[in-house]
Amino acid sequence: MTITSISSIRTEQHPLIRKLADCIEGVWQRYLDLSPYDLPGDLGYVEGRLEGEKLRIENRCYQTPQFRKLHLELAKVGTQLDILHCVMFPNPNYPLPMFGTDLVGGRGKISAAIADLSPTSPTLTLPPPYIQLLKALPEIHFSQPRDLPEWGDIFSEFCLFVRPNSEGEEELFLSRVESYLEIHCQMALAMQPVADEERLQIIAGQRNYCSKQRQNDKTRRVLEKAFGEEWAESYMTNVLFDLPED
């Protein structure tokens with residue numbers, strides 16, 4: 001399928017968020033055989049209020065033979081906060097890591113930028129071909145690296161978590177995320193389905209990843225303030241980090 005150019009809140013967000021959203025969908029369309037993915041309920045576009053400001057959430061989801069869900073979320077709180085969140089959930093028949101990236105910006109600056117290909121194997125290590133390709137990428141440096149959260153043991157050694165402090169660093173982050181995406185899509189197309197025993201291990205790895213991500217208190221608090229605890233819990237478990245079926 002072709003990703004149609006429809007109105008998106010990215011046009012009102014920080015330029016790096018707009019560029020990364022376009023980049024993500026562009027790579028997906030170049031490499032993958034996309035089909036629609038139906039979200040539960042009416043969650044493609046949601047509005048709420050957060051501390052007197054309008055909160056808007058836009059979700060775009062797709063699926064492919066290799067990925068059970070490709071999720072791109074954009075959120076905007078008034079003029080104070082811009083968010084991009086993206087996760088590629090592999091079909092558990094394929095031994096693929098979890099690609100994820102997030103951007104958080106406000107008042108014209110990006111305060112947090114993270115991207116990773118997170119392993120789902122029992123040993124929490126990436127497949128050797130991934131390691132080889134990722135190590136071959138040029139070494140890059142950022143002036144303000146950030147510390148991972150306490151639950152961040154799900155991330156790989158290649159996890160990039162920074163506060164970009166210039167347009168040059170923003171472009172460097174964008175370029176590196178595009179490289180991660182291209183490597184991931186190329187590897188996905190080359191992968192063969194696994195046997196049932198390994199599939200169960202992959203499901204366990206994805207469940208561990210999702211359960212750790214659900215521990216992100218900052219995300220939960222924002223959703224609870226805007227929509228209430230019940231809605232926030234449902235959104236966290238059914239949209240942001242839903243578990244694969246056995």
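**Entry 1: the chain overall**

I began with burial: buried residues make up 52% of the 246 residues in the chain (buried is under 20% relative accessible area, exposed over 50%, partly exposed in between, with a 1.4 Å probe and protein chains only). A note to myself: this is a predicted model, where local features need pLDDT of at least 70 and side-chain atom pairs count only at pLDDT 80 or more, while totals for chains, interfaces and linings use all residues. Residues are numbered from 1 along each chain as its sequence is written, and side-chain values use heavy atoms, with hydrogens and water left out.

Next I looked up the secondary structure and found six helices and eight strands (DSSP runs numbered from the N terminus: H or I of at least four residues for helices, E of at least two for strands). Along the sequence they follow α-β-β-β-β-β-β-β-α-β-α-α-α-α. The radius of gyration is 17 Å, close to the 18 Å from the globule rule for 246 residues, so the chain is as compact as a globular protein of that length (taken over C-alpha atoms; the rule is 2.2 Å times the number of residues to the power 0.38). I also noted that the C-alpha trace spans about 50 × 40 × 40 Å along its principal axes. Of the contacts with a separation of 6 or more, 65% are between residues 24 or more positions apart (contact means heavy atoms within 4.5 Å).

**Entry 2: strand 3 and its partners**

I then turned to strand 3, residues 53–63. Eight of its eleven residues are buried, so the strand is largely enclosed by the rest of the structure. Which strands pair with strand 3? Strand 1 (residues 35–36) does, antiparallel over two bridges (pairing needs at least two DSSP bridges between the strands), and there S35 stands opposite Q63. Strand 2 (residues 45–50) is antiparallel to strand 3 over six bridges, with Y45 opposite E58. These two form a hairpin with two residues between them, and E51 in the turn has a positive phi of about 50°. Strand 4 (residues 67–77) is joined to strand 3 by eight bridges, again antiparallel; I57 has A75 as its bridge partner there.

**Entry 3: strand 7**

Strand 7 (residues 109–118) came next: eight of its ten residues are buried, so this strand is largely enclosed by the rest of the structure. Strand 6 (residues 98–106) pairs with strand 7 in the antiparallel sense over nine bridges, and F99 has L117 as its bridge partner. Their hairpin has two residues between the strands, and R107 takes a positive phi near 55°.

**Entry 4: H141**

I found H141 in the loop between helix 2 (128–135) and strand 8. Is H141 buried or exposed? H141 is exposed, at a relative accessible area of 58%. Its side chain makes a polar contact with the side chain of E139 at 3.3 Å (N or O atoms within 3.5 Å; within protein, one able to donate a hydrogen and the other to accept it, and sequence neighbours counting only if both atoms are side-chain atoms).

**Entry 5: cysteines**

My search of the whole structure gave zero disulfides (cysteine sulfur atoms within 2.5 Å). For C23, the nearest cysteine sulfur is that of C86, 9.9 Å away. C23 is buried, with a relative accessible area of 12%. For C210, the nearest cysteine sulfur is that of C61, 13 Å away, and C210 is buried at 0% relative accessibility.
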